[in-house]
Amino acid sequence: MRFKRVLLISPPSSSRYGGLRVPAGIGYIAQVLSDNLIDYDYIDMRIGYTFDYFRKKALAFKPDLVGISMISLGYRYTYRMISSVKELLPHSKIVVGGHHVTILKEKVLEECQAIDFGVVSDGEKTMLELCANNTPYENIKGLIFRKEGQIIFVGERPPVENLDEYAFPRYERFNMKNYSKQIPINSSRGCVYECTFCPNKLIGRKFRARSVNHFVDEIEYWYEKGYKQIAIDDDNFTLNKKRVYEICDEIERRGLKNLFIRCSNGVRADLVDRQLLARMKEIGVREVGFGVDGGNNKILGFLKKGETIETIEQAIKDACELGFDVKIFIIVGTPHETKHDIEDSIRLAKKYPIARVNFNNAIPYPGTEMFDYIKEHNLFLIPPEEYLNNVAEEKGVPVFETPELPKEERIKMLKRCHEVEKEVMKNTAYRIYKDYPLAGLLIKHFFNVALFERLFFKNLLLRKFFEAMRYKIIMAK
């Protein structure tokens with residue numbers, strides 16, 4: 001083996017969700033290392049560990065390779081952390097993977113001299129070949145490496161068609177007590193759609209699905225360990241309706257009862273119908289999220305969503321009537337959007353008894369069509385290298401303006417949308433707990449959304465408590 005001891009790291013996160021969910025992506029890398037007898041350890045800095053804790057654990061483990069997952073938000077902080085890791089472990093090589101390096105490739109190694117390797121797109125096989133000593137760097141597809149002062153990208157690795165080749169994560173070296181009792185699972189990879197704002201399509205365009213049995217094997221594995229709350233994190237879970245029906249049938253056949261399954265990552269409204277939603281609910285799907293993104297057909301057209309507002313409304317209506325917790329995602333301030341268009345989005349969010357709405361500040365991610373449009377028309381208020389490190393989607397700070405929606409109007413509309421978020425969340429909390437007189441009274445008159453979000457998303461004990469209560473209430477229905 002070229003590298004026998006691998007230390008995997010998740011950098012700190014500025015996201016509202018923090019480190020409360022076990023990371024499935026790096027879990028797949030950990031599993032392929034374990035299955036091939038490569039010793040690994042894992043440190044999740046999202047949890048809030050100090051660098052002193054990291055130093056002690058890293059020095060004790062003595063890795064010869066350090067693997068770090070990267071996203072574009074907060075990348076400068078990650079660069080600084082990588083440089084500190086290199087100073088601490090000068091004889092260890094450092095490899096990065098994830099969205100940021102997949103999109104920017106060689107530029108990442110140019111910007112951070114402490115990085116030795118980059119892994120593009122699916123990382124399992126590339127990491128395994130990197131650790132093995134029987135393939136020269138020049139022949140490892142998907143790898144970026146340094147040689148004689150040059151940065152070399154070997155080329156794209158063809159995507160694995162049969163995802164069953166990858167064992168699902170067991171998280172043997174992860175302290176599961178540090179995470180929510182909800183297990184994230186992917187049944188597929190790849191997005192075939194053309195949305196102008198989304199960086200996920202840059203990771204892999206071709207849709208690839210695990211077999212029904214392989215996917216349900218993972219659900220059953222965690223079910224037998226006492227985990228009944230599952231989050232399906234696919235970009236396109238319902239792309240193949242026949243397959244979804246087969247998954248439902250297999251879950252039912254195995255007798256996996258009292259599941260609480262969330263499809264809250266955002267399914268497409270044009271890929272579900274009332275019959276399919278009803279079947280999903282029968283086997284334990286309790287929450288669905290819809291990527292709405294715009295409030296009328298004009299904006300959906302500009303975003304290249306490929307679906308209509310009428311279809312979206314029908315899916316939301318069906319899901320609400322069937323008793324799902326419905327969550328919708330809407331982007332505020334995309335190019336060509338006006339104040340009146342945003343009012344259409346607000347009307348949609350208030351029209352149905354949805355559980356939650358996320359009005360996300362429009363953030364142009366490098367590599368997306370929206371980013372290229374903003375750059376070409378010189379509309380940035382904050383340069384990308386600044387906003388990607390200081391501004392988050394849930395914050396009301398516009399990073400660009402358009403003739404249709406100048407800066408001051410954007411600030412007003414973002415503030416208004418966030419007030420609607422709070423209103424929807426308060427109404428949802430009251431609906432859930434109204435049968436508990438004291439809780440219902442307190443929510444109706446004293447519920448503080450900002451405080452609840454901080455407690456729910458940043459405090460693990462309270463998150464587990466709220467999730468347990470919610471599970472109990474929904475199972476009792």
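A: The model is predicted. Start with Asp-341. This residue is found in helix H12, which covers residues 339-351. Is Asp-341 buried or exposed? Its relative accessibility is 6%. The cut-off for buried is under 20%, so Asp-341 counts as buried.

Next, its partners. Leaving out residues up to four places away in sequence, Asp-341 touches Asn-296, Lys-298, Ile-299 and His-336. Polar contacts link the Asp-341 side chain to two side chains from that list. One is with the side chain of Asn-296, at 2.8 Å. Another is with the side chain of Lys-298, at 2.6 Å. So the buried Asp-341 has polar side-chain contacts with Asn-296 and with Lys-298.

Now the helix pair. Helix H8 spans residues 241-253, and helix H9 spans residues 274-282. The two pack at an angle of about 25°, and their axes lie 10 Å apart. Angles under 35 degrees count as roughly parallel, so H8 is roughly parallel to H9. The crossing of H8 and H9 is left-handed.

Which residues meet there? From H8 come Lys-241, Val-244, Tyr-245, Cys-248, Asp-249 and Glu-252. From H9 come Gln-275, Leu-276, Arg-279 and Met-280. By class, the residues of this H8 and H9 contact are five nonpolar, one polar and four charged.

Note on methods
Residues are numbered from 1 along each chain as its sequence is written. This is a predicted model: local features need pLDDT of at least 70, side-chain atom pairs count only at pLDDT 80 or more; totals for chains, interfaces and linings use all residues. Side-chain values use heavy atoms; hydrogens and water are left out. Axes are lines fitted to C-alpha atoms, for helices over the stretch in contact, and angles run from 0 to 180 degrees between N-to-C directions. Helices (H or I, at least four residues) and strands (E, at least two) are DSSP runs, numbered from the N terminus. Angles under 35 degrees count as roughly parallel, over 145 as roughly antiparallel, 65 to 115 as roughly perpendicular and the rest as oblique. A crossing is left-handed if the near helix is turned anticlockwise from the far one by less than a right angle, and right-handed if clockwise. Contact means heavy atoms within 4.5 Å. Ala, Val, Leu, Ile, Met, Phe, Trp, Tyr, Cys and Pro count as nonpolar, Asp, Glu, Lys and Arg as charged, and the others, Gly among them, as polar. Buried means under 20% relative accessible area, exposed over 50%, partly exposed in between (1.4 Å probe, protein chains only). A polar contact is a pair of N or O atoms within 3.5 Å; within protein, one must be able to donate a hydrogen and the other to accept it, and residues adjacent in sequence count only if both atoms are side-chain atoms.
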